[in-house]
Amino acid sequence: MVSSGYEFILMPDLRYYNIDKALNVIDNLGLQYEIIEQESEQIKNLVLEQSVEPNIKILKGTKIVITKSTKNDIGLSEGLITVPNIVGKNIFDTESITTDNELFITKVNEIYDNNIPSGTIIEQFPSAGSEIDKYQSIEVV
């Protein structure tokens, strides 16, 4: 049996992902990680920095360092809120929904599909009905 060599992966851009989503991506790619916490004016639990720049080929199993925000410094009290369902809605129509629910959309990934109108949300994380802290982010596709 002959080894096929080292397995390389393309490092994704995890900046501004919710930390839970970022760690899920890291685990699925077979990477190791260390988390550093940093007080920030950003929303709590966002990835602020990553030690490997996006779009760089790295060895599977490489250890990366993720810096996450730890302080909600926007002067508002925190508490749990139920994530609304925004799937099927146009991205431009969600501002009032997210604002009313004290949430933010921070990462938008676009996919082209002839069968879906431009700007339509087809996926969200966390999913509708999940309980999360107020002033957290929702990532959408």
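Author: Two strands are said to pair if DSSP finds at least two bridges between them, and helices (H or I, at least four residues) and strands (E, at least two) are DSSP runs, numbered from the N terminus. This is a predicted model, in which local features need pLDDT of at least 70 and side-chain atom pairs count only at pLDDT 80 or more, while totals for chains, interfaces and linings use all residues. Residues are numbered from 1 along each chain as its sequence is written, and side-chain values use heavy atoms, with hydrogens and water left out.

Reader: In which sense do strand 2 and strand 5 pair, parallel or antiparallel?
Author: Strand 5 covers residues 63-69 and is joined to strand 2 over seven bridges. Within this pairing, Ile35 has Ile66 of strand 5 as its bridge partner. The sense of the pairing between strand 2 and strand 5 is parallel.

Reader: Which strands stand at the edges of the sheet?
Author: The open sheet has three strands in the order 2-5-3, with mixed pairing. Each edge strand has a single partner strand, so one side of each is left without a neighbour in the sheet; these are strand 2 (32-38) and strand 3 (47-50).

Reader: What angle does the direction of helix 1 make with that of strand 2?
Author: Helix 1 (residues 19-29) packs on the sheet and touches strand 2, strand 3 and strand 5, where contact means heavy atoms within 4.5 Å. Axes are lines fitted to C-alpha atoms, for helices over the stretch in contact, and angles run from 0 to 180 degrees between N-to-C directions. On that basis, the angle between helix 1 and strand 2 is about 160°.

Reader: Which residues touch the most other members of the largest nonpolar core?
Author: A nonpolar core is a set of buried Ala, Val, Leu, Ile, Met, Phe, Trp, Tyr and Cys residues joined through side-chain atoms within 4.5 Å, and buried means under 20% relative accessible area (1.4 Å probe, protein chains only). The largest core has 14 residues, and those touching the most other members are Leu14 and Ile64.

Reader: Which element gives the most to this core?
Author: Helix 1 and strand 5 are the elements that give two or more residues to this core. With four residues, the element that gives the most is helix 1.

Reader: Which residue of strand 10 stands opposite Phe125?
Author: Strand 8 (residues 124-125) and strand 10 run antiparallel and are joined by two bridges. From strand 10 (residues 137-140), Ser137 and Glu139 point one way, Ile138 and Val140 point the other way, and all are buried. The residue opposite Phe125 is Glu139.

Notes. Buried means under 20% relative accessible area, exposed over 50%, partly exposed in between (1.4 Å probe, protein chains only).
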